[in-house]
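Dear colleague,

Please find below the structure that I am handing over to you.

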2 protein chains.
Amino acid sequence: MPTDDAGNCLEGVRVLDLTQFEAGPSCTEALAFLGADVVKVENPKGDPGRSSGGAPGADAWYFLQYNANKRSITVNLKDPRGLALLKDMVTKADVFIENYAPGAIERLGLGADVVRGINPAIIYAQVKGFGTGSPYENNLAFDMIAQACGDTMSVTGPKDGPPMKPGPSIGDTGTGMLLAISVLGALFRRTRTGQGEHLQVAMQDAMLHYIRGAFAAHARTGKPAPRAGSASLGATNPPCGIFPCKPGGANDYVFVYTSRGNPEHWPRLLKVIGREDLIGDERYATREARIAHEPEINAIISEWTRHHTKQDAMAIIGAVGVPAGAVLDTGELLGDPSFEARGIMQTIQHPKAGPYKMPAWPVRFSGSPPPIRPAPLLGGNNEDVLNDWLGMSRDEVGSLQADKVI
Amino acid sequence: MPTDDAGNCLEGVRVLDLTQFEAGPSCTEALAFLGADVVKVENPKGDPGRSSGGAPGADAWYFLQYNANKRSITVNLKDPRGLALLKDMVTKADVFIENYAPGAIERLGLGADVVRGINPAIIYAQVKGFGTGSPYENNLAFDMIAQACGDTMSVTGPKDGPPMKPGPSIGDTGTGMLLAISVLGALFRRTRTGQGEHLQVAMQDAMLHYIRGAFAAHARTGKPAPRAGSASLGATNPPCGIFPCKPGGANDYVFVYTSRGNPEHWPRLLKVIGREDLIGDERYATREARIAHEPEINAIISEWTRHHTKQDAMAIIGAVGVPAGAVLDTGELLGDPSFEARGIMQTIQHPKAGPYKMPAWPVRFSGSPPPIRPAPLLGGNNEDVLNDWLGMSRDEVGSLQADKVI
């Protein structure tokens, strides 16, 4: 029986979480998976992420993904008593995180100077679309805007077609992960020095971290990194791409790659696809020759892959030590029992949505990912949080609720 | 003058870094940016990443990107004296990280049981392509294989075309970031409990963390998440996509998005593009109406964007509070002086490659990203590391070198 070996990493760490949508929530959720007490502070209408896309009963699936293992309280920050309550919580918090539109947290009266003035040891962390000093520092941003302005779109898509948005929400979750690393670094230092910190990350800036291969490609050629279709940026080592498999559905492809670092890959591949006759053939014997004959090579491999399912092709080619990967879709991943058996996907029991299978924190601690607890209902923890953090009685909380402060 | 406020976060933390290529090195580099003493242990031939793609004098640009702020030593682990040396270093290390092919670290005699036996308080961390218990656990993986098998390709590309590989190396760096968070969580706990840890992450599993929006889309429709072209997964709120700009180059597009959460975006957009006449027009007045007339809407916006550069279009639309983002390429980002002024890109002076401008750790600590120090030359720190960690004299190190142990 796996135990929650991750969940005591951040035991006792209190996070005051004023984030919404995904970039901020993915950061605080990572801290929650590792055992921090993350209290999501929402205005009485709730994080707009609660209604992003379809909502199963109460909150959107989207919201359930990015707010697991947290608690939720409602606070009306425009009411002076609500603001005072939040400032009391600041005195008890280790981390404060927000990702409002530019200038909004300052207008609420909770800018870095105010919060750090109340609690100098706090880690105050912010996500914005564009960095302070950028020409666009006051612009709104969402995942796709960060991806447009951060190069990830310009290097994604067909070689001769328009840019495409990568499917993964790197603009949001990608940014959130870099902030989580930085928060943890500052928390670690604080155990030794007591020092607080002011952390800021811009989504556009964060994109550069994920696209450094494109900057390396630019340095090699002196030209903007192009789109690489289904291959890797700067890959010049055919075969490297996807090949069609039976029965020919939209995702029936297998990625096949022979590494430059391992010249055995190519003859092994020829052997496993029944083309031993081509081993040593000078048209394909070297990397340079394969570059010159790439269309023929792709045709040779496709001729074999078309007669196999992507799963079989991956298994057969992978078994001889050549990198191969089936292009799997969400349905195939959800249907693969191995993920649930290994705890990489877990089924939560949400009080309104019912059972829901979702990806867990994928890093295993002593063999197991941390268990998922369902995202909280709006204000679902008003009483227990205000009691835990501030020692408030049930009557005091009830009175704040009656007065619409929370 | 900005000070390196990030660089003392992990002061005194020693990382024994047996990683290569990108997934592992991006993780240890993040720790190095925050001030850990990361010692890259390479066999005398060096990390194969040193020759991935073009090499400016000595090491590839690719290598410089993922190995900044580290030190390098060479150790021949197949020599019993080399292995003994590494085991001595294990006694001084806080973190041990490797991303060799499945089974390789155990064959070297440095499996988790051995290393944790020597130093029970160590954080022992591993990256593999596929998870223990997966049908593919012994398969090789590279970034593109993880992206094929982890759904990111199936949701990227033209709506009616084949899957595409996202340009960003989420399979590598995306995995590395999740491991860095987990290492830091375990290090934080260790300050309190002294407990060591065994962390493992599979690149395929890590992809699910970045594609949770696709799983939310699947939950809404009951069907595999489709490719969304230039839009966002599950976006049903036109306009949401890229629009052509002058002068019509490969990346001359601007992303424009009107948020469902903010109904003012649409009339603001119409006004700024000179189509106030359409405000209130029932063909476009509601989200449902805009979905029904998406091609017309896209034509109306394109008619305006075609007469503007992407930078102007972004500035004009963004200024009225509507999300807009120019599709920028690596050349445009490298040429924008704001990144260097803000420290988001920094120019290193590499002893062999000379000056090289590259992206820094993008999170600002008290206003500044941490400074970049150039990636080390192969074995460039043999003497100082073995002196710092093990108290060896110059003569002792020289003798190991003469015997080809290091």
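The model is predicted: local features need pLDDT of at least 70, side-chain atom pairs count only at pLDDT 80 or more, and totals for chains, interfaces and linings use all residues. Residues are numbered from 1 along each chain as its sequence is written, chains are lettered from A and ligands numbered from 1 in the order in which they are written, and side-chain values use heavy atoms, with hydrogens and water left out.

Domains. Chain A is divided into domain 1 (14-210 + 337-402) and domain 2 (240-244 + 253-326), with bounds from an automatic or database domain assignment. Their C-alpha centres lie 44 Å apart.

Sheets. Helices (H or I, at least four residues) and strands (E, at least two) are DSSP runs numbered from the N terminus, and two strands pair if DSSP finds at least two bridges between them. Seven strands form an open sheet of mixed pairing, in the order β3(A)-β2(A)-β1(A)-β4(A)-β5(A)-β6(A)-β12(B). Strands β3 (71-74) of chain A and β12 (364-365) of chain B stand at the edges, each with a single partner strand, so one side of each has no neighbour in the sheet. Within this sheet, β4(A) and β5(A) run parallel and are joined by four bridges; I97(A) stands opposite A125(A). In chain B, β10 (345-350) and β11 (354-359) pair in the antiparallel sense over six bridges. A hairpin of three residues joins β10(B) to β11(B), and Q349(B) has P355(B) as its bridge partner.

A buried residue. Q204(A) is found in helix α8 (203-210) of chain A. Q204(A) counts as buried because its relative accessibility is 3%, where buried means under 20% relative accessible area with a 1.4 Å probe, protein chains only. Leaving out residues up to four places away in sequence, Q204(A) touches residues of both chains, including F130(A), C149(A), L328(B) and F339(B); contact means heavy atoms within 4.5 Å.

The second largest pocket. About 1,200 Å³ of space lies in this pocket. A pocket is an open set of points on a 1 Å grid over the protein atoms alone, where a 1.4 Å probe fits, with protein on both sides within 12 Å along at least five of seven lines; lining residues have an atom within 4 Å of a point. Of the 47 lining residues, those closest to the centre are Y257(A), S259(A), F21(B), S52(B) and F142(B). The largest share of the lining, five residues, comes from α9(A).

Yours sincerely

Conventions. Grid points are joined across faces, edges and corners, and a volume is the space filled by probe spheres set on the points. Buried means under 20% relative accessible area, exposed over 50%, partly exposed in between (1.4 Å probe, protein chains only).
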